[in-house]
Amino acid sequence: MNLRDIAFKNLLRRKAKALFVLAGLAIGVSTVVALISFVDAMTQNINHKLEKYGANILIVPKTENLSLTYGGLSLGGVSFEMQEIREQDLTKIKSIKNAANVAGLGPMVFGVVNVEGHKVLLAGVDFKASWILKPWWKVDGTIPGEKGVILGSETATVLGLNQGSPLTIKGRQLIVSGVLKPTGSQDDQLIFMTLKTAQTILNKEGLVSMAEVAALCKDCPIDAMVKQISDVVPGAKVMAIQQVVKGRMEALSQFKKFSYGVSIVVVLVGSLVVLVTMMGSVRERTEEIGIFRAIGFRKSHVFKIVLLEAGFISAAAGIIGYIAGFAVTKGAIHLFSESGGASIQPSLELIGGSFVLAVLVGLMASAYPAYLASRMDPNQALNAI
Amino acid sequence: MSYIRAEDLSKQYGIGDAAVMAIHDMDFTVESGEFVSIMGESGAGKSTLLSIVGAMTPPTSGKFLVDEIDVYGLGSEKRTDFRREFIGFVFQSFHLVPYLTVVENVMLPLTTVKASKKRKRALAEAALDQVGLTGKEDRLPSQISGGEKERVAIARAIVNDPPVILADEPTGNLDSATSHEIMGLLQRLNREGTTILMVTHSQDCAAYAERVLRVSDGRLIEKDEHRTSNEKQTSTLGTFPG
């Protein structure tokens with residue numbers, strides 16, 4: 001027989017009260033677990049989706065000229081004859097500190113060519129990277145090989161070409177593999193082919209005009225990545241497309257703030273449930289505590305009994321709360337992830353965290369009732385006679 | 001020197017116009033191994049006196065000493081330790097903890113004592129044996145009779161072998177036959193050397209004591225009423241195992 005036995009037996013005797021405290025805490029913990037798991041899963045999901053919005057870093061050749069184009073309207077001054085970037089320099093991007101955050105790298109080479117009597121902008125691209133960088137692209141047809149091209153929708157209309165049509169560019173016989181559906185961007189007015197073919201046609205072997213980078217920046221500062229890329233590609237100007245980056249961060253930050261706010265409120269409500277129930281329990285046990293004190297239990301012993309009871313319940317609530325929160329998130333996450341891309345995995349940190357949170361909240365909320373119990377006058381036992 | 005000494009004990013509740021003197025200048029002594037009953041009408045101050053003797057209510061003035069220890073000179077927690085080591089309480093309403101078994105109730109005063117569970121249980125079983133409750137260790141208080149509950153309360157009071165037992169109306173809730181059993185039990189414990197102070201209304205119960213302290217209106221009106229062996233009642237039912 002020790003203080004632990006007394007605490008445990010009292011809990012078994014007052015099952016309804018113990019279950020009420022357990023439920024209050026478990027709901028609090030499960031809500032926190034669910035919110036954190038949900039935010040985590042959705043963060044990954046959002047990051048994944050945001051990647052689809054395209055590149056967020058541009059690598060262009062250094063130039064003294066200012067761009068004179070706006071919204072697709074050219075006012076002159078744009079030159080593709082500027083010094084270009086060496087393709088091999090781009091391979092160094094794989095060695096930067098945050099290389100793991102580079103989701104896609106799309107080198108592009110540009111040049112003006114004559115097709116069927118029209119001047120058209122030719123773009124050589126890495127089609128594999130393009131699907132990451134321009135996920136909104138939809139092509140009627142197939143991905144071209146060395147002898148194929150994809151036409152922008154306007155280009156196809158102007159040139160009167162369809163999928164399967166032959167065309168000649170600088171004496172080279174090519175075939176239209178597909179036509180890009182309208183994108184509402186400058187891509188509609190271009191002819192796309194593989195980087196290699198374009199470099200050969202434009203006599204720009206080993207050179208690229210620009211490159212787009214999709215950086216996954218959940219855990220990295222975008223500015224640091226820009227600096228790292230600048231360092232390894234010295235002849236280029238590296239720019240972050242701040243709008244996209246800031247937008248990503250803002251969305252995640254708001255989401256997190258909201259969930260933390262809700263978590264704090266839920267934990268406060270849970271601790272109030274514990275406080276009120278433990279206060280009631282202590283009041284009900286006036287006589288019993290009086291007997292304990294009368295027969296020689298010190299104040300600290302009584303304090304410890306109440307805290308042990310709270311500790312037992314809280315520990316159980318931590319475990320139950322984690323399991324419930326995880327299960328709820330697992331079940332609910334598909335409702336919020338249209339593509340089904342979000343998923344959660346059990347996290348040791350979260351298991352430990354929810355256990356510690358439950359025990360801390362339970363003990364802190366029970367400290368005042370335990371203090372009141374320990375201050376109880378042993379005379380109350382005798383006076384109750 | 002007497003084992004228990006009360007010197008000019010007074011206890012006042014409230015202040016100003018609301019002040020009530022529960023006890024006035026009480027002086028008495030109790031020798032080690034004595035069986036003393038405290039008698040008086042309701043509101044006479046018996047419970048306050050017992051509470052002071054039980055190291056639970058500090059007097060407003062005066063001194064209370066047990067075995068030369070100035071009980072109210074001790075700090076609050078030291079006084080708690082004193083209670084645990086020196087005093088066994090027997091309450092009128094038994095005051096057993098309902099969710100603990102008989103043996104666990106008896107083990108309660110040993111809870112904070114450093115000893116193995118096995119040792120504590122052995123001591124509790126020995127105390128239960130002394131009061132004749134062997135075989136009922138694992139029952140809950142709700143599963144035993146009133147007389148048995150009182151015996152459990154006595155076993156709890158003696159389990160850590162305190163030199164003094166304070167009993168407050170120990171037979172107040174019992175029928176006549178069971179009352180005699182309980183009084184016989186207390187008498188036997190007294191014969192074995194335990195000092196007993198018992199508050200009672202009952203002349204029959206008081207007759208088991210060697211001496212009566214009579215209290216009226218918070219004053220001790222008689223403290224030396226010794227009984228001869230002929231006057232002292234002896235339990236005819238007081239043959240318990242152990």
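Buried here means under 20% relative accessible area, with exposed over 50% and partly exposed in between (1.4 Å probe, protein chains only). This is a predicted model: local features need pLDDT of at least 70, side-chain atom pairs count only at pLDDT 80 or more, and totals for chains, interfaces and linings use all residues. Residues are numbered from 1 along each chain as its sequence is written, chains are lettered from A in the order in which they are written, and side-chain values use heavy atoms, without hydrogens or water.

Select F292(A) and F297(A). Both are buried. The structure holds six aromatic pairs over all chains (Phe, Tyr or Trp rings, the six-membered one for Trp, with centres within 6.5 Å). In F292(A) and F297(A), the ring centres are 4.8 Å apart and the planes at 15°, so they are stacked (planes under 30 degrees apart; over 60 is edge-to-face, the rest tilted).

Next, F82(B) and F86(B). Their centres lie 4.6 Å apart with planes at 15°, so this pair is stacked. Both residues are buried.

Now show the contact between the chains (heavy atoms within 4.5 Å): 29 residues come from chain A and 28 residues from chain B.

Zoom to K9(A) and E104(B). They form a salt bridge (a Lys or Arg side-chain nitrogen within 4 Å of an Asp or Glu carboxyl oxygen), with the closest N and O atoms 2.6 Å apart. Chains A and B share three salt bridges.
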